Amino acid sequence: LTRVSMAPQVLPAAADVACASCGAAFASRNALFKHLRAAHSLPPKPPKHAAERAALVISYVGDAYRGLQRTDVADALPTVEGALWRAVGHACTDDAGDESWEAQRKARVHPHACARAARTDAGVHAVANVLSVTLPALAAGAEDGWVGRVNEALPADVRVLRRVRVAPAFDAQRTCERRTYEYLLPAAALLPDAAAVGEAEVVALRKRLRSLLKRFRGAHDFAHFTRSGAAYTCAHDTQRHIARVAAREAVRDEAGAAFVVLAISGASFLYHQVRSMVGAVVAVVRGARDEAWLDRVLLPPRRSRAEPRRVEAAIDKATIAAVPLAPAHALYLAEVHHYSHDLRAAAEGERLRTLRADADGADAGAGGAALVAESGAAAAAAAFRRRVQAHIMGVEAREGRMRKWVGELDSEG
């Protein structure tokens, strides 16, 4: 056997490195770089910018965009996030010369660990949506100034209402317990006699809409209220729970025309589900479908995921017409609720309250919250809700999109 020596090994001295400019020799590369910075004006290393997890509360009018979510780094299709991340890049660069965000925006479609409380489609608006993202850290109390600089770089139809520092694990989508959508319906388009729309007729219409909407409350299989096709319905769990429905109030445009606000709340929604629910209710009100049809297309919940969907077995194909899809321009995301996050934040001393951004900006009281403060951001969200409603009513007055869609619905019926 060969005996192995356990004596300590002596490593050779590090090879000298020399400066190419003056020939000076150094024992290490670190020493060389110190020399280059001191003697030859080598630019110093860029400072490492600290990062923090933040929640952004944003509002937008969606007509000019192909939805909320960005689709490509070149922004070939206009999206709300495309405009937002570009403005954030300007603010981060102007604040501390940090170009890392701008470099990330040009290299990645979505920022690292970005999440959205609700992902809205093309043409859909939002009063208060929440995005969680990792951003360059700000000094304490600098959030309002940062929000102002971002808004200066944004188009007028997108606004940041608030930036909130959150826990590193906060995810706007996973921690969102409830989402509320509202839909603005012109009363004249729903009533048989558009010329005679008085207060009594509007009250009766709200009562009728409310009675139909109540059928959706609770758990149901919404297979008929989403993208059609067996491939989609087989690949997705189409069972959802609707927590609240309402025909909240009637608002009027500058000419005095009445619009009824429908509100639908739930933990999550399928693709096109809310617009299909509104389309089904309007079809029944107009007489294009009957209430028995609505009961047939609204399937009962399955007892388990393993139970086969009772779409074809329980319903005769000949009696089922496609569920109408209401236009996108009158739909907006009104609220998102992060109850658990707000309870923890309140325990840590940050007071957050529920915002129901109604017409007068009144607070809805205790309960969950939408990550909107009770001061300036809440008032801004209430004002933006009025702005969205005025925009929808203006589109209807100019173009009559809802009247045209209802006319097509009547001809189908």
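What follows is a short chat about how to read a few features of this predicted model.

Biologist: Let's begin with strands. Which strands does E9 pair with, and in which sense?

Modeller: Look for bridges from strand to strand. E9 (residues 239-252) is joined to E8 (residues 218-221) by 4 bridges, and the two run antiparallel. On that side, Asp221 sits opposite Gln239 of E9. E9 also pairs with E10 (residues 258-266), again in the antiparallel sense, over 8 bridges.

Biologist: Next, cysteines. How many disulfides does a search of the whole structure find?

Modeller: The general idea is that a disulfide is a covalent bond between the sulfur atoms of two cysteines. Here the search comes back with 0. Take Cys19: the nearest cysteine sulfur belongs to Cys22 and is 3.7 Å away, and Cys19 is in no disulfide. The cut-off for the sulfur pair is 2.5 Å.

Biologist: Is Cys19 buried or exposed?

Modeller: Cys19 counts as buried because its relative accessibility is 4%, and buried means under 20%. Cys92, at 5%, counts as buried too.

Biologist: How about a helix? Which residues of H3 are buried?

Modeller: In H3 (residues 100-107) they are Trp101, Glu102 and Arg105. Seen down the axis, these buried residues fall within an arc of 100°, so they line one face of the helix.

Biologist: And the nonpolar core: which residues touch the most other members?

Modeller: The largest core has 103 residues, and the ones to pick out are Leu84, Trp146, Leu209 and Phe225. By element, helix H8 (residues 273-286) gives the largest share of this core, 9 residues.

Biologist: Which backbone oxygens lie by the polar atoms of its side chain?

Modeller: Check the distances from the side chain of Arg70. The backbone oxygen of Val73 is 2.9 Å from one of its polar atoms, and that of Asp72 is 3.4 Å from one. Beyond four places in sequence, Arg70 touches several residues, among them Asp75, Glu81, Trp85, Arg105 and His110.

Biologist: His110 is on that list. Is His110 buried or partly exposed?

Modeller: His110 counts as partly exposed because its relative accessibility is 25%. You'll find His110 in the loop between H3 and strand E4 (115-116). Leaving aside neighbours within four places in sequence, His110 is in contact with Gln69, Arg70, Glu81 and Arg116. The side chains of His110 and Arg116 make a polar contact at 3.2 Å.

Biologist: What separates the C-alpha atoms of His110 and Trp85?

Modeller: They are separated by 9.1 Å, with the two residues 25 apart along the chain.

Note on methods. Residues numbered from 1 in each chain as written. Predicted model: local features only at pLDDT ≥ 70, side-chain atom pairs only at ≥ 80, totals over all residues. Heavy atoms only, no water. Pairing = 2+ DSSP bridges. Buried < 20%, exposed > 50% of the residue type's maximum accessible area, 1.4 Å probe, protein only. Arc of directions from axis to C-beta. Core = buried A, V, L, I, M, F, W, Y, C linked by side-chain atoms within 4.5 Å. Polar contact = N/O pair within 3.5 Å; in protein donor to acceptor, adjacent residues only side chain to side chain. Contact = heavy atoms within 4.5 Å.
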